[in-house]
Amino acid sequence: MSATETQRYDPTSWRPSRLDLAISAVVAVAFPFIAGWLYGKKGALIPIILYYSLAWGLAKLRRGVVGYRTPMPPRPPVWFYVNVGVILIGLVFAYLAPVKVDDPWLPGVVLTALLWAPANAASEQLLWLYIFDSWDLYPGKKSLPYRVAGLVFFAAFVGLIHTMFWTKFLTVVEPGTVFGALFVLATTISGFLHIVVWRQSGQMVFTFIPHLLLNLGPLLWTGYSILPYLWK
């Protein structure tokens, strides 16, 4: 084993149990609908708190590590730079298909940038990757059916949480346009790249950075604030 390999956490060292299979499947399929229902009743704050609590709690209690205090590798993996590039291209598409706020409230935009953007960027991938890892690593050796199942649950959760929850109020890009569709495609590719980056680095900071860029970018030209949507 090389010096580079010994200086990083190996995500494949985790051994999930059948309980993780059950938890990840239920969360992937059910939680987006619960979050959407709660948003309709009380606004976004409660489902956001539940979402991030699930992400941090399951990563720590079930996987054993969150991923931000694991050893930092000597250099970022190549796929980290690829992911950043995909996000930057996606932001160009977002800039070309914006949903602008007519009269933006600057304090709300600033608070969204300072509080929600980093909290979301730091939290979401914890749950996404827990769902994938639960299935991909369960057999203890490479298994194509379990890997496919992990990718299906991963994709289902990411797609559903955006469709059933985020798109109800996080409107910064016009999805009905060509550039809006290309933005969605870029962010979808980025989501799967998080898996590769996590496996290669064992450090969540390399998934946090591109996601933070994704969260912050549209705020600069749309004037979006999440504050009005937090409570009904």
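Q: Which residues form a nonpolar patch on the surface, and how much accessible area do they have together?
A: This is a predicted model, where local features need pLDDT of at least 70 and side-chain atom pairs count only at pLDDT 80 or more, while totals for chains, interfaces and linings use all residues. Residues are numbered from 1 along each chain as its sequence is written, and side-chain values use heavy atoms, with hydrogens and water left out. Trp 105, Leu 106, Val 110, Leu 111, Leu 114, Leu 115 and Leu 227 form the nonpolar patch, and their accessible area together is about 700 Å².

Q: Is Trp 105 buried or exposed?
A: Trp 105 sits in the loop between α4 (78–96) and α5 (106–136); helices (H or I, at least four residues) and strands (E, at least two) are DSSP runs numbered from the N terminus. Buried means under 20% relative accessible area, exposed over 50%, and partly exposed in between, with a 1.4 Å probe and protein chains only. Because its relative accessible area is 52%, Trp 105 counts as exposed.

Q: What volume does the largest pocket have?
A: On a 1 Å grid over the protein atoms alone, a cavity is a set of points where a 1.4 Å probe fits but cannot get out, whereas a pocket is an open set with protein on both sides within 12 Å along at least five of seven lines; lining residues have an atom within 4 Å of a point. Grid points are joined across faces, edges and corners, and a volume is the space filled by probe spheres set on the points. For the largest pocket, that volume is about 840 Å³.

Q: Which helix gives the most to the lining of the largest pocket?
A: The lining has 33 residues, and those nearest the centre of the pocket are His 162, Thr 167, Phe 183, Val 184 and Thr 187. At least two lining residues come from each of α5, α6 (144–164), α7 (178–201) and α8 (205–222). With eight residues, the one that gives the most is α7.

Q: How many charged residues are in the lining of the second largest pocket?
A: Ala, Val, Leu, Ile, Met, Phe, Trp, Tyr, Cys and Pro count as nonpolar, Asp, Glu, Lys and Arg as charged, and the others, Gly among them, as polar. The second largest pocket has a volume of about 200 Å³, and its lining includes Arg 8, Asp 136, Arg 147 and Arg 199. By class, this lining has one nonpolar residue, two polar ones and a charged count of eight.

Q: How far apart are the closest N and O atoms of Asp 133 and Arg 199?
A: These two residues form a salt bridge, that is, a side-chain nitrogen of Lys or Arg within 4 Å of a carboxyl oxygen of Asp or Glu. The pair links distant parts of the chain, with Asp 133 in helix α5 and Arg 199 in helix α7, 66 residues apart. Both residues are buried, and their closest N and O atoms lie at a distance of 2.9 Å.

Q: Which residues are linked in a network of salt bridges?
A: Arg 147 pairs with Asp 136 at 2.7 Å, and because Arg 147 lies in helix α6 and Asp 136 in helix α5, the pair ties together parts 11 residues apart in sequence. Arg 199 also meets Asp 136 in a salt bridge, again 2.7 Å from N to O. The linked residues are Arg 63, Asp 133, Asp 136, Arg 147 and Arg 199.

Conventions: Patch = residues over 30% accessible without salt bridge, like charges linked within 9 Å, V, L, I, M, F, W, Y side chains within 5 Å. Areas by Shrake-Rupley, 256 points an atom, 1.4 Å probe, with all protein chains shown as cover.
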